[in-house]
Amino acid sequence: MAAQNEKVVYWWRGKLYGELEAPPLAVPIELVEVEVAEWVCPRCGGKADWAPEPRCPKCGERCQPRSFKEVLPELPDTVEALERMLKRVCGAVRFGGAVELEPSSVLSPLFAWEPLDLELPDGSRLIGAYAGRARFLKAASLKVGAFPSESVVELPGDLCLVVWRSGFVECYAFECREAGKVLELLQRA
Ligand SMILES: [Zn+2]
């Protein structure tokens with residue numbers, strides 16, 4: 001059903017907070033009212049699973065559909081969650097792009113990130129951060145030992161966030177005003 005009555009809450013390590021008590025890096029998300037349906041027994045109130053003919057698991061009576069409204073958080077994907085997190089600290093933020101680091105990347109990072117472990121709303125994890133430009137060396141140039149400028153790949157931005165997502169490690173670059181402050185907050189988180 002269509003969203004009504006939207007309200008913003010803040011997601012932090014799997015819990016929701018109001019604006020005032022939310023930690024600085026908590027991710028703003030919308031609470032959306034949705035219509036949920038269930039099958040309820042008219043005789044005893046038992047609830048049936050969805051089935052071609054939903055029967056009450058307790059007394060066998062045929063159940064009837066009943067709908068009610070439930071308020072659910074609308075969880076953003078990885079990039080969106082990181083953008084919202086940074087926007088709260090820095091005001092403006094711009095996504096500069098992403099590269100895959102593991103398991104099969106041809107790019108090796110030319111920077112060392114601070115190791116972190118912070119859960120994100122979509123189940124991925126923020127595992128590292130670096131305040132600086134995202135620069136990578138192409139694997140082919142590693143083999144010959146050369147270091148020509150065209151073997152270096154750069155993403156625009158001044159903050160790199162390294163994320164583990166469904167078995168892949170990816171680096172996301174962002175342009176934001178306060179990369180140093182973000183890094184500091186992440187280290188304390
Ligand atoms: Zn029943």
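Partly exposed residues are those whose relative accessible area falls between the buried limit, under 20%, and the exposed limit, over 50%. With 41%, Arg133 belongs to that middle class. Welcome to a quick tour of this predicted model, whose protein has 3 helices and 13 strands.

**Overall shape and surface**

- The radius of gyration of the protein is 23 Å, whereas a compact globule of 189 residues would come out near 16 Å.
- Along the principal axes, the C-alpha atoms fill a box of roughly 80 × 40 × 25 Å.
- Of the 189 residues, 39% are buried.
- The protein exposes about 10,800 Å², and 50% of that area comes from carbon and sulfur atoms.
- If we take contacts between residues at least 6 apart in sequence, 60% of them join residues at least 24 apart.
- The charge count is 23 positive and 28 negative side chains, and the centres of these two sets are 3 Å apart.

**Backbone details to look at**

- As background, most peptide bonds are trans, and most residues other than glycine have a negative phi.
- The peptide bond from Glu102 to Pro103 is cis, with omega near 5°.
- Pro103 sits in the loop between β6 (93-102) and β7 (107-109).
- Arg13 has a positive phi, near 50°, although it is a residue other than glycine. You will find Arg13 in the loop between β1 (7-12) and β2 (15-17), and its relative accessible area of 39% makes it partly exposed.
- Ser166 also has a positive phi near 50° and is a residue other than glycine. Ser166 belongs to the loop between β12 (159-165) and β13 (168-176), and it counts as exposed because its relative accessibility is 60%.

- Glu83 is part of helix α1, which covers residues 78-90.
- Apart from neighbours within four places in sequence, Glu83 is in contact with Val93, Phe95 and Phe174.

**Ile127 and its surroundings**

- Ile127 is located in strand β9 (residues 125-131) and is partly exposed, at a relative accessible area of 24%.
- Between Ile127 and Trp164 there are 37 residues of sequence separation, yet their C-alpha atoms are 6.5 Å apart in space.
- Once neighbours within four places in sequence are set aside, the contacts of Ile127 include Trp113, Glu114, Pro115 and Leu116. Val162, Val163, Trp164 and Val169 are also among them.

**Salt bridges**

- The whole structure contains 10 salt bridges.
- Arg84 pairs with Glu80, and their closest N and O atoms are 2.9 Å apart. The two are separated by about one helical turn, because they are 4 residues apart in helix α1. Arg84 is partly exposed at 25% relative accessible area, and Glu80 is partly exposed at 32%.
- Glu175 and Arg94 meet in a salt bridge with an N to O distance of 3.4 Å. Glu175 lies in strand β13 and Arg94 in strand β6, so this pair ties together parts that are 81 residues apart in sequence. Glu175 is partly exposed, with a relative accessible area of 33%, while Arg94 is exposed at 53%.
- Glu154 forms a salt bridge with Arg133, with 3.5 Å between the closest N and O atoms. This pair links distant parts of the chain, 21 residues apart: Glu154 is in strand β11 (residues 152-155), and Arg133 is in the loop between β9 and β10 (134-138). Glu154 counts as partly exposed at 40% relative accessibility, and Arg133 is partly exposed with 41%.

Definitions and conventions:
Residues are numbered from 1 along each chain as its sequence is written. This is a predicted model: local features need pLDDT of at least 70, side-chain atom pairs count only at pLDDT 80 or more; totals for chains, interfaces and linings use all residues. Side-chain values use heavy atoms; hydrogens and water are left out. The radius of gyration is taken over C-alpha atoms; the globule rule is 2.2 Å times the number of residues to the power 0.38. Buried means under 20% relative accessible area, exposed over 50%, partly exposed in between (1.4 Å probe, protein chains only). Contact means heavy atoms within 4.5 Å. Accessible areas come from the Shrake-Rupley method with a 1.4 Å probe; for residues, only the protein chains shown count as cover. Lys and Arg count as positive and Asp and Glu as negative; His and the chain ends are not counted. The place of a charge is taken as NZ of Lys, CZ of Arg, CG of Asp or CD of Glu. A salt bridge is a side-chain nitrogen of Lys or Arg within 4 Å of a carboxyl oxygen of Asp or Glu.
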